[in-house]
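Welcome, and please open your viewer. We will walk through this model stop by stop, selecting a few residues each time.

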Amino acid sequence: MSAEAAGEARVRLGPSWKSRLAPVFASPAMQGLGEFLRAEKRAGRTVYPPGAQMFAALDHTPFESVRVVILGQDPYHGPGQAHGLSFSVPPGVPPPPSLQNIFAEIERDPELRLPKPRHGCLIHWADQGVLLLNAVLSVRAGQAGSHAGKGWEGFTDAIVDLLNREREGLVFMLWGSYAQKKGALVDRQRHCVLRAPHPSPLSAYRGFIGCGHFSAANRYLRGRGGRPIDWSLPAEA
């Protein structure tokens with residue numbers, strides 16, 4: 001799969017990701033995915049996020065910088081919402097309901113008590129080592145799950161596997177059954193695995209609100225001599 005398959009812009013993966021993922025990019029599954037994305041473009045279908053942003057999670061968070069992994073399912077499928085980071089939206093786009101519930105949990109957490117930010121752009125988290133990774137990195141406009149089963153899942157499985165095997169002391173936040181299945185093989189002896197219902201309005205009040213994951217992640221990182229994540233967001237993205 002080439003940059004052109006993902007869109008007109010280049011893939012800006014840093015060397016730590018590029019070297020580790022080169023065999024995956026060359027695999028038949030990824031070649032098939034590239035052809036599928038080209039076919040979507042030829043058919044005139046709108047795909048989110050733009051090609052330049054499909055790998056934004058990896059662009060913002062190099063392999064050696066990852067400290068926390070938040071697994072999402074697939075990108076937002078509304079206009080202007082997806083920009084390559086799970087649960088995040090670009091500046092100026094209202095936070096969707098799941099992200100609003102994430103902010104509500106951070107505000108509720110007695111160890112944090114951070115007020116809800118004015119925007120939903122999570123680049124500040126990504127740049128601190130929070131890998132905001134969707135299982136599927138593209139979607140057809142208006143059709144949730146439309147690019148599932150096209151090859152992305154093996155690619156993102158490879159990312160989770162690499163982190164599990166080659167790193168230690170990471171925090172994996174697995175929200176909902178989909179993320180929990182994807183993270184099932186994470187070694188709990190080497191990493192911290194936090195599980196909760198998905199933050200969507202359909203399930204957030206079954207245990208996501210009150211899960212304490214954000215402060216728990218910081219306690220774990222501190223316990224290993226690391227610095228905590230600043231879960232606040234700057235006033236302006």
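**Stop 1: a proline in a loop.** Select Pro49, which sits in the loop between strand S1 (47-48) and helix H4 (56-60). Helices (H or I, at least four residues) and strands (E, at least two) are DSSP runs, numbered from the N terminus. Now look at the peptide bond that leads from Tyr48 to Pro49: this bond is cis, with omega near -10°. Most residues other than glycine have a negative phi, and most peptide bonds are trans.

Before moving on, two notes on what you are viewing. This is a predicted model, in which local features need pLDDT of at least 70 and side-chain atom pairs count only at pLDDT 80 or more, while totals for chains, interfaces and linings use all residues. Residues are numbered from 1 along each chain as its sequence is written, and side-chain values use heavy atoms, leaving out hydrogens and water.

**Stop 2: positive phi angles.** Select Phe87, in the loop between S2 and H5. The phi of Phe87 is near 70°, a positive value in a residue other than glycine. Phe87 has a relative accessible area of 9%, so this residue is buried (buried means under 20% relative accessible area, exposed over 50%, partly exposed in between, with a 1.4 Å probe and protein chains only).

Next, select Arg113, in the loop between H5 and H6. Arg113 is not a glycine, yet has a positive phi of about 50°. Is Arg113 buried or exposed? At 54% relative accessibility, Arg113 counts as exposed.

Stop 3: Select Ser98 in helix H5. With a relative accessible area of 12%, Ser98 is buried. Not counting residues up to four places away in sequence, Ser98 touches Phe87, His198, Pro199, Ser200 and Pro201 (contact means heavy atoms within 4.5 Å).

Then go to Leu122, in the loop between helix H5 (97-108) and helix H6 (123-126). Leu122 counts as buried, at 0% relative accessibility. Which residues is Leu122 in contact with, leaving aside its neighbours within four places in sequence? They are Leu85, Ser86, Phe87, Ser88, Leu99, Phe103, Leu132 and Leu233. Try the distance tool too: from C-alpha to C-alpha, Leu122 and Pro91 are 9.4 Å apart in space, and they are 31 residues apart in sequence.

**Stop 4: aromatic rings.** A pair of aromatic rings is described by the distance of the centres and the angle of the planes. Rings of Phe, Tyr and Trp (its six-membered ring) pair if their centres lie within 6.5 Å; planes under 30 degrees apart count as stacked, over 60 as edge-to-face and the rest as tilted. How many aromatic pairs does the structure hold? There are twelve aromatic pairs.

Show Trp125 and Trp231: their ring centres are 4.9 Å apart and their planes at 90°, so the pair is edge-to-face. Trp125 lies in helix H6 and Trp231 in the segment after helix H9 (213-223), so the pair ties together parts that are 106 residues apart in sequence. Both Trp125 and Trp231 are buried.

Trp175 is in strand S5 (residues 171-175) and Phe208 in the loop between strand S6 (192-196) and H9, so the pair ties together parts that are 33 residues apart in sequence. Trp175 is buried, with a relative accessible area of 2%, and Phe208 counts as buried at 0%. To see one aromatic cluster, colour Phe87, Trp125, Trp175, Phe208, Phe214 and Trp231.

**Stop 5: helix H9.** Select the buried residues of H9: His213, Phe214, Ser215, Ala216, Ala217, Asn218 and Leu221. What covers them includes strand S2 (68-72), H5, H6, S5 and S6. After H9 comes Gly225, with a positive phi near 80°.

**Last stop: Arg188.** Find Arg188 in the loop between helix H8 (176-182) and S6. Arg188 counts as partly exposed, at 40% relative accessibility. Leaving aside neighbours within four places in sequence, Arg188 is in contact with Gly183, Val193 and Arg195.
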